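Colleague: Please pick a single part of this model and take me through it closely. I would like one connected account, with the cut-offs stated as you go.

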Amino acid sequence: MSGGAESGAVERALLGAVRETGASAAGLYVLAPDEPVLQLTVMSGVPAPLLAPWKRVALAAPIPVAVATRRQCVVWAADHQQLARDFPRTAVAVPYDFSLAAAPITDGTGSKGALLLLWPAGHPSQLSDEEHKAVEGACRHLAEALAQSPPPDGRATTEGPRVVTPTPARTAGPEEARAAVDYLERLPGGCCALDLDGRITLVTTGAVELLGETADRLLGSRPWDVLPWLHDPVFEDRYRAAVLSRHPVSFTAFRPPDRWLYFRLFPDARGLSARISPAGKDHGAVAPRPTEGEALPVRAGQIYHVLHLAAALTEAVGTRDVVDLIADQIMPAFGAQGMLMYAAEGGRLRTIGHRGYPAEAIAHFEGVALSAADSPAVHALATGQPSFYSTPEEIERHYPGLPQLTGKAARAVLPLIVSGRPVGCCILAYTRPRPFSPEERQVLTSLAGLIAQALDRARLYDTKQQLAHDLQAGLLPHSLPSVPGLAVAARYLPSARGMDIGGDFYDLIRLDENSVAAVIGDVQGHNARAAALMGQARTAVHAHATAGAAPGEVLARTNRLLTDLDPDLFTSCLYAHINLRAGRACLASAGHPPPILRRPDRSTTVLDVPPGLLLGIDPRARYEATEIALPPESVLALYTDGLIETPGVDLERSVADLARRLNDAPPQSPDQLADALLKTRLADTDRQDDVALMLLAPEPTDPPHS
């Protein structure tokens with residue numbers, strides 16, 4: 001498929017990128033304007049089916065082009081071993097040796113997409129300085145070309161990527177072309193040429209005789225499609241290996257009834273040249289070919305695509321991840337225009353995801369009983385077998401009115417069953433009639449088992465997460481008391497790893513008309529034990545504070561209680577007694593990060609509060625208190641280490657950085673300021689610790705009226 005003269009600028013820029021960098025293949029990914037997805041728009045040097053698993057790449061996916069776009073840096077994999085280590089999902093789908101680079105494409109307005117580049121096997125372990133400069137230059141040229149000719153309606157084409165082929169090294173005239181054919185015909189054995197898509201574009205008489213098929217049938221066809229004895233996916237796999245590695249590949253194949261043939265493939269950016277000759281020896285018995293009516297072997301491309309999808313499914317964490325993966329990768333992989341995902345709950349089917357279906361169709365089957373007789377999903381779950389309907393007439397015979405209700409003309413209904421237990425159902429639907437080949441049915445049936453296991457795991461994870469969320473919500477204060485003359489903001493962020501639960505806690509305790517106590521703490525660990533100890537620590541602090549104990553004594557008494565409990569977990573804690581009338585605060589710390597004070601003149605100080613021993617270690621520990629001025633319009637920041645800790649960064653430097661951000665923040669409410677301070681942590685999807693933050697800002701009192 002080709003674009004117009006304007007889109008040619010992008011195509012020329014991509015071919016230029018291949019030339020400038022010395023790469024063997026390239027792909028241009030454009031960032032979608034309305035969703036966090038990279039779309040493969042133009043490619044060169046590899047056939048479109050080879051990159052089919054990555055036509056659409058979620059920006060959050062662990063895929064090289066997505067990582068390069070997110071981090072705004074060049075991502076490099078020198079060989080398949082490094083690719084498997086850094087990007088296992090990608091490596092399992094392309095088990096060939098090559099080098100890969102992905103680089104972000106940006107302009108003055110922001111990110112535009114990414115450039116994917118491949119080099120033949122044997123590239124040095126690192127990009128050279130010249131190659132780095134060439135990659136950066138190619139990205140600049142592509143950004144300029146995209147600015148001149150953006151995708152139609154701001155989108156990448158929905159028909160798939162444009163494949164552009166470099167011009168031939170030289171063009172032969174008629175006389176030279178005839179001489180070239182004569183030359184090939186005189187060679188022993190047979191010769192044929194294949195384009196990058198694997199289709200035969202030239203075949204000699206010797207090749208026709210050796211292959212046992214007419215030239216008319218061979219030309220324009222892929223060898224493994226037209227020659228039954230090449231149906232084994234190993235032969236297509238050898239072609240794919242040659243295209244990606246750009247190294248010659250050879251193999252032998254048995255042509256019935258009694259002939260072994262030797263194939264040698266020589267690839268370049270435009271296609272492959274094949275030499276065919278009789279093999280020098282008998283290579284032994286071969287498996288019988290499928291008889292008429294038997295399913296043909298699944299193609300190599302389909303095998304690797306399923307492996308890629310399987311690897312992606314293993315990375316899906318929650319139910320939403322599974323649904324999004326099916327919508328973003330499995331639907332496009334099988335050309336579907338609609339998708340319905342059901343979960344089996346309480347004897348009924350509940351919709352957990354859908355694409356391309358009208359609302360009335362979704363509502364019609366919502367909550368349908370597993371005993372219903374008029375539902376394709378229920379039928380598939382009852383029989384345990386997938387159902388394939390290729391035409392609207394076929395659907396109408398089984399389920400009258402369904403094609404009109406859904407607007408779909410064909411569908412694959414895949415039951416999701418784990419250990420004999422119905423988990424749900426996945427329906428892929430099509431707006432036009434569509435036959436399902438035996439190969440596709442095999443692949444979809446296998447994929448249904450993988451989806452079922454992923455959905456079952458995801459629902460268990462969601463259940464645990466909800467339990468953790470409910471436990472955390474029950475242990476932290478539902479709301480903080482309203483205190484006249486004091487503005488307060490409190491925030492909690494769970495860890496992005498493991499259960500959504502942790503040991504960070506905070507509280508605000510009203511002591512009397514003019515005094516409050518603020519407490520923040522951190523129990524080590526991110527599990528139910530840490531949460532339980534956190535609840536005990538918070539309760540103890542609250543009890544001792546309301547009993548009138550001084551800050552140091554509150555921590556000492558709480559420490560004795562936690563030591564008696566002997567939980568094998570330690571707790572840091574910071575306690576602040578605030579006298580609003582006097583404009584003073586008294587603070588005591590049990591090994592907690594130091595508080596930060598922003599004064600009314602916007603100067604900011606990291607307070608020197610003596611860090612006593614962590615709670616729960618020594619019952620005899622004592623805690624020294626520090627008194628500070630806390631006038632109106634100042635801000636006292638209490639926080640846990642999850643807000644500041646960064647691997648490889650000194651803790652004092654991290655505290656100083658937080659103080660600088662607090663100092664530089666404009667005058668705003670504590671709620672706005674808290675959100676600003678948490679912004680970087682909210683964006684951190686790999687956050688390994690939970691975060692608690694409290695901001696306390698005494699307000700000026702109104703002067704008395706005369």
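Modeller: Happy to! pLDDT is the predictor's confidence in each residue, from 0 to 100. This is a predicted model in which local features need pLDDT of at least 70 and side-chain atom pairs count only at pLDDT 80 or more, while totals for chains, interfaces and linings use all residues. Residues are numbered from 1 along each chain as its sequence is written, and side-chain values use heavy atoms, leaving out hydrogens and water.

The protein chain has an average pLDDT of 85, with 90% of the residues scoring at least 70. Residues 1-6 fall below 50, and beyond near neighbours in sequence they have 10 contacts (heavy atoms within 4.5 Å) in the model. Where pLDDT is low, the predicted coordinates should not be read in detail.

Now to the part I picked, an open sheet. Its 5 strands (DSSP runs of E, at least two residues) follow the order β18-β27-β26-β23-β24, with antiparallel pairing (at least two DSSP bridges between two strands). β18 (486-493) and β24 (604-606) are the edge strands, each pairing on one side only. On average, neighbouring strands are turned by 15° against each other, direction ignored (axes are lines fitted to C-alpha atoms).

Finally, helix α20 (residues 651-664; helices are DSSP runs of H or I, at least four residues) lies across β23, β24 and β26 (635-639). The helix runs at about 20° to β23, on a scale from 0 to 180 degrees between N-to-C directions, with the helix axis fitted over the stretch in contact.
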